[in-house]
Amino acid sequence: VVALATGSGIAPVKALLESGAAKADKVKLYYGCRTLSSMAFQDLFPAWEKAGIEVIPVLSKPDASWKGKTGYVQDVMKADGIADPAATVVVMCGGNDFQKQAKEVIKEAGIPDERVLTNF
């Protein structure tokens, strides 16, 4: 399972992750915001990681102290690659421009449309 969230799109993704409905051998959350101060639920990241969710925060406008991933979540996901596209389910929630760009990256990765859930 790959979860993509930007901005306030993290709220429904949080509910999904915490419900246990996204049980899989591997769950990756790419969560993007402009700045670290605008990134909600940072205090929950350790608990999510303890539950087996790999949390990958991505900032598009980081300050000089940021050591994590930068840019846009769909580009970071593309750079990381998808090991088994046919077995991957993607859930994503965020703005229209993000979704349009993310769908292109997902299609290029070979993930079938029927395995992609948007704004659920």
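Sorted by class, the lining of the largest pocket has five nonpolar, eight polar and three charged residues. Keep in mind that this is a predicted model. The pocket itself has a volume of about 340 Å³. Sixteen residues line it, and T6, C33, R34, S60 and Y72 are the closest to its centre. Three elements, β2 (27–33), α3 (73–80) and α4 (96–109), each give at least two residues to that lining. The largest share is from α4, with three residues.

Then there's the second largest pocket, with about 270 Å³ of space. Here 15 residues form the lining, and those closest to the centre are V2, K26, I82, A83 and T88. β2 and α3 turn up again, each supplying at least two lining residues. By class, this lining has eight nonpolar, two polar and five charged residues.

| Pocket | Volume | Lining residues by class |
|---|---|---|
| Largest pocket | about 340 Å³ | five nonpolar, eight polar, three charged |
| Second largest pocket | about 270 Å³ | eight nonpolar, two polar, five charged |

Now for the sheet. In what order do the six strands of the open sheet sit? Going across, you pass β4-β3-β2-β1-β5-β6, and the pairing is parallel. The edges are β4 (69–70) and β6 (116–118), each of which pairs on one side only.

Let's look at β2 and its two partners. With β3 (residues 53–59), β2 pairs in the parallel sense over seven bridges. If you want to trace that pairing by eye, V27 has I53 as its bridge partner in β3, and Y30 has I56. With β1, β2 makes five bridges, again in the parallel sense. On that side, A5 stands opposite Y31 of β2.

Is β2 enclosed or open to the outside? Seven of its seven residues are buried, so β2 is largely enclosed by the rest of the structure. In a regular strand, side chains alternate between the two faces of the sheet. For β2, both faces are covered: V27, L29, Y31 and C33 are buried on one side, and K28, Y30 and G32 are buried on the other. Note that K28, a lysine, is among the buried ones. β3 is also largely enclosed by the rest of the structure, because six of its seven residues are buried.

P57 and Y30 are 27 residues apart in sequence, yet their C-alpha atoms are 6.0 Å apart in space. Setting aside neighbours within four places in sequence, P57 is in contact with Y31, M39, F45, W66 and K69.

α3 lies across β1 (2–6), β2, β3 and β4, and runs at about 145° to β2. α4 lies across β1, β5 (90–93) and β6, and its angle to β5 is about 165°.

Within α4 you'll find Q99. Is Q99 buried or exposed? Its relative accessibility is 6%, which is under the 20% cut-off, so Q99 counts as buried. Leaving aside neighbours within four places in sequence, Q99 is in contact with M92, C93, G94, T118 and N119.

Finally, have a look at F41, in the loop between β2 and α2 (45–50). Most residues other than glycine have a negative phi.

Key. Residues numbered from 1 in each chain as written. Predicted model: local features only at pLDDT ≥ 70, side-chain atom pairs only at ≥ 80, totals over all residues. Heavy atoms only, no water. 1 Å grid on protein atoms, 1.4 Å probe; cavity = no way out; pocket = protein on both sides within 12 Å on 5 of 7 lines; lining within 4 Å. Points joined across faces, edges and corners; volume = space filled by probe spheres on them. Helix = DSSP H or I, 4+ residues; strand = E, 2+ residues; numbered from the N terminus. Nonpolar A, V, L, I, M, F, W, Y, C, P; charged D, E, K, R; others polar. Buried < 20%, exposed > 50% of the residue type's maximum accessible area, 1.4 Å probe, protein only. Contact = heavy atoms within 4.5 Å. Pairing = 2+ DSSP bridges. Axes fitted to C-alpha atoms, helices over the stretch in contact; angles between N-to-C directions.
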